[in-house]
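Subject: Structure handover

Hi,

Here is the structure I promised to pass on to you.

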Amino acid sequence: MSVLKLGTDNFEQEVLKNNNKVLVDFYADWCGPCKMMSPVIDEIAETKTDVKVGKVNVDDNQELAVKYNVMSIPTIIVFENGIPKKTFIGVTDKNEILEQLN
Amino acid sequence: MVYDVIIIGAGPAGISASLYTKRANLNTLIIYFENSSLEKAKLIENYYGFENGIDGKTLYETGIKQAKNLGVEVKKEELLKIELDINDGKTFFVLTTTQNQYIAKTIVLAIGTKKNKVKIKGVKDLEGKGISYCAICDGFFYRNQDVAVIGNGNYALSETNDLINVAKTVTILTNGEEAPEFRADNVQIITKPIEEIKGENKVEEIIFKDNSRLKTRGIFIAQGTAGSTELAKKLGILLKDDKIVVNDKMETNIKGVYACGDCTGGILQVSTAVSEGTIAALSIIQFLKMKF
């Protein structure tokens with residue numbers, strides 16, 4: 001599956017009302033480390049077809065960043081039943097993330 | 001001028017890497033500032049080829065001379081930051097020191113382990129929750145807010161400079177060290193030693209040893225010089241337990257960035273540092289043949 005563009009308009013529908021796990025990558029275009037994480041997120045989306053994967057641009061969606069206490073990017077949050085279950089701060093190993101999605 | 005390879009660190013890993021890249025005709029520069037942990041080793045008796053052992057200082061200084069004799073450029077300058085510059089599909093690395101700026105096709109982090117790690121209560125627990133290691137990455141989250149920078153050297157001032165246009169105020173906390181020479185309208189300097197950083201789920205205040213307090217939203221760690229952790233976090237290099245993750249070719253997760261020696265963890269021996277430096281160099285020689 002491709003990576004979903006998430007924002008305040010669709011976050012509730014796509015993430016909070018989702019009964020499965022959802023991976024959300026908080027990023028910004030100007031953030032160097034986010035660029036290193038981006039291909040990893042794409043790979044996860046391609047291989048884990050049973051999990052929804054989305055990205056939040058913090059520049060455009062500051063209220064979402066504030067709500068989930070994102071104060072450093074990249075931050076990756078795994079939601080389950082709409083609740084944040086696991087947070088990864090900074091560039092993270094793909095396998096570590098995949099473990100949380102199984 | 002664009003260097004084929006810039007090596008950061010002049011210990012056994014960095015020097016060994018340079019010997020191979022230089023002999024392969026690659027334009028090689030070594031930048032180092034802090035001395036290698038090798039220099040402090042009194043007597044090394046388990047390294048090949050010295051019948052009575054050798055003291056660390058001699059081995060370290062001989063290594064630097066050996067690289068220079070071979071024609072490697074070696075500069076003692078404090079490195080402040082490394083940035084990526086993607087041009088025409090090719091990635092270059094821009095290294096800023098206190099004196100100069102250099103551009104490289106590949107870089108080797110052979111920077112050792114940091115000796116002056118911040119050991120303030122609360123730092124580890126609040127990482128990513130108001131404690132940051134990268135002003136340029138995370139400054140955005142503190143627009144018009146009060147932030148602090150822990151440190152008193154050139155690196156701390158470089159981080160402060162990245163914050164003053166974004167944050168409302170920046171307080172430089174020297175944590176008992178001497179105050180740096182720095183003046184700006186929205187910057188204050190506090191030299192009192194720090195006891196603890198407090199906050200429920202996010203940074204709220206700093207408590208000093210004299211029990212006085214300072215409310216702040218964000219704290220940027222920049223004590224001493226920029227170590228492997230700080231440089232890696234800024235570039236987006238994958239770390240595990242603050243050590244740089246490399247594969248068997250000494251490649252990091254970023255193409256063109258290699259790491260070797262103590263900053264990659266492991267058993268911290270001269271022999272393994274030499275080996276890792278060698279492997280990193282051979283990988284670079286191969287990489288540059290293919291890519292550039």
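Predicted model: local features only at pLDDT ≥ 70, side-chain atom pairs only at ≥ 80, totals over all residues.

Let's begin with chain A. Its secondary structure consists of four helices and five strands, and along the sequence these follow the pattern β-α-β-α-β-α-β-β-α. Is the chain compact or extended for its length? A compact globule of 102 residues would have a radius of gyration near 13 Å, and chain A, with 12 Å, agrees with that. Along the principal axes, the C-alpha atoms of chain A fill a box of roughly 30 × 25 × 20 Å. Of its 102 residues, 35% count as buried. If you take the contacts in chain A with a separation of 6 or more, 69% of them are between residues 24 or more positions apart.

Next, a helix pair in chain A. Helix α2 (residues 32-47) of chain A and helix α4 (residues 94-101) of chain A have axes that come within 11 Å and cross at roughly 35°. The crossing of α2(A) and α4(A) is right-handed. Which residues make this contact? From α2(A) they are Val40(A), Glu43(A) and Ile44(A), and from α4(A) they are Lys94(A), Ile97(A) and Leu98(A). By type, four of the residues in this contact are nonpolar and two are charged, with no polar ones.

Now for the contact between the two chains. Chain A puts in 16 residues and chain B 20 residues. On the side of chain A that touches chain B, helix α2(A) gives the largest share, with five residues. That side of chain A divides into nine nonpolar, five polar and two charged residues.

Finally, the strands of chain B. Strand β4 (residues 79-87) and strand β5 (residues 90-97) of chain B run antiparallel and are joined by eight bridges. Within this pairing, Glu83(B) stands opposite Val94(B) in β5(B). The hairpin of β4(B) and β5(B) has two residues between the strands, and Asp88(B) takes a positive phi near 60° there. Strand β5(B) also runs antiparallel to strand β6 (residues 101-109) of chain B, with four bridges joining them. Here Leu95(B) has Tyr102(B) in β6(B) as its bridge partner. The hairpin from β5(B) to β6(B) passes through three residues.

Best wishes

Definitions and conventions. Residues numbered from 1 in each chain as written. Chains lettered and ligands numbered in written order. Contact = placed C-beta atoms within 7 Å. Nonpolar A, V, L, I, M, F, W, Y, C, P; charged D, E, K, R; others polar. Axes fitted to C-alpha atoms, helices over the stretch in contact; angles between N-to-C directions. Left-handed = near helix turned anticlockwise from the far one by under 90°. Rg over C-alpha atoms; globule rule 2.2 N^0.38 Å. Buried ≥ 20, exposed ≤ 12 C-beta atoms within 10 Å, placed from the backbone. Pairing = 2+ DSSP bridges.
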